[in-house]
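Reader: I'm new to reading protein models. Could you walk me through this one?

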Amino acid sequence: MESWNSTSGGTFILVGILDDSGSPELLCAVITALYMLAMISNGLLLLVITMDAQLHVPMYLLLGQLSLIDFFLTSIIIPKAVTDFLLKDNTISLEGCALQMFLALTLGGAEDLLLAFMAYDRYVAICHPLNYMIFMRPSICWLGVATSWILGLLSALGYTIHTMQYPFCKSRKIRDLYCEIPPLLKLACADTSKYELMVYVMGVAFLIPPLAAILASYILILFTVLNKPSNEGRKKALVTCFSHLTVVGLYYGALTVMYVLPSSYLSPKQENLLSVFYTVVTPALNPLIYSLRNKEVTGALRRVLGKWFLPTQSTF
């Protein structure tokens, strides 16, 4: 069978969930609506955090970074998938596939580590409130953000270079919404068993320690919250932590099934559903989960929109 790789060029054909559905037009409309919701909600949250001075604190800096990641993650995948479906052209160049994989892995890795750092932020805020501005001073906050991005970028670079070095067989159909490692390796002509084992081990190493740190943080938070004398303070802490844990559950749940469980557990259609879940459903829900019950965010939103849309009153 004829093989080709990054040195010979070529194109892939993305056969995603839109091409393997009983009602593709309806599914396309739902995905497009979720994409627009993700763009508007994350963009609005970024705007509010940037413009409102009362939100210029570590917790909302990290939340802004999460919205930025979600904004770009869904943007590098969904518009192409929807456009390809509408134009009936599902091809993607090998270079475009490599770039899409690199960007998705960078953003996914950065979000993975950022969620752990956000759990540390909540742990310090609730368990050590008097030392919060010491443990979460700007230098530490930006170091955590930079570390998340750099480690995500480096791991993505290694994965992308290694994956795209394989020769691919004549069948160029990637049965996924976008270029991901598992479906690409199924097209390789060479033996990928050792690399698949490495991807599995690295996936476990990249996902499990941050998840363990998050769970440890929230166990300590729970003990602290239960001992709080104030019901109001206890309720506020629990609401904040519940929103974060919901996001963590949505994100880590999908990625754990994708990258930690053996690939034989999932059919291509199930892998497609999970891809849709963490590339458009989760980014659309994250800002809503964080903001709907957060009085500081909703108050800041009213202040920012009020400055723009309410007429200024002249005084005489």
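This is a predicted model: local features need pLDDT of at least 70, side-chain atom pairs count only at pLDDT 80 or more; totals for chains, interfaces and linings use all residues.

Reader: What share of the residues counts as buried?
Author: A residue is called buried when its relative accessible area is under 20%. The protein has 316 residues, and the buried share of them is 47%.

Reader: Which helix holds Pro138?
Author: Look for the helix that covers residues 138-164. Pro138 is found there, in helix α6.

Reader: Is Pro138 buried or exposed?
Author: The cut-off to remember is that exposed means over 50% relative accessible area. Pro138 has a value of 55%, so Pro138 is exposed.

Reader: How far apart in space are Pro138 and Pro58?
Author: Along the sequence, 80 residues separate Pro138 from Pro58. In space, from C-alpha to C-alpha, the distance is 7.4 Å.

Reader: What percentage of residues 140-161 is helix?
Author: The unreviewed UniProt entry lists residues 140-161 under "transmembrane region", together with other spans including 26-48. In the model, the end C-alpha atoms of residues 140-161 lie 31 Å apart.

Reader: How far apart are the end C-alpha atoms of residues 26-48?
Author: This span, too, is listed as "transmembrane region" in the unreviewed UniProt entry. Residues 26-48 are 100% helix and 0% strand. From one end C-alpha atom to the other, the distance is 33 Å.

Methods. Residues are numbered from 1 along each chain as its sequence is written. Side-chain values use heavy atoms; hydrogens and water are left out. Buried means under 20% relative accessible area, exposed over 50%, partly exposed in between (1.4 Å probe, protein chains only). Helices (H or I, at least four residues) and strands (E, at least two) are DSSP runs, numbered from the N terminus. UniProt positions are given in the numbering used here, feature names are shortened, and annotations may be inferred rather than shown by experiment.
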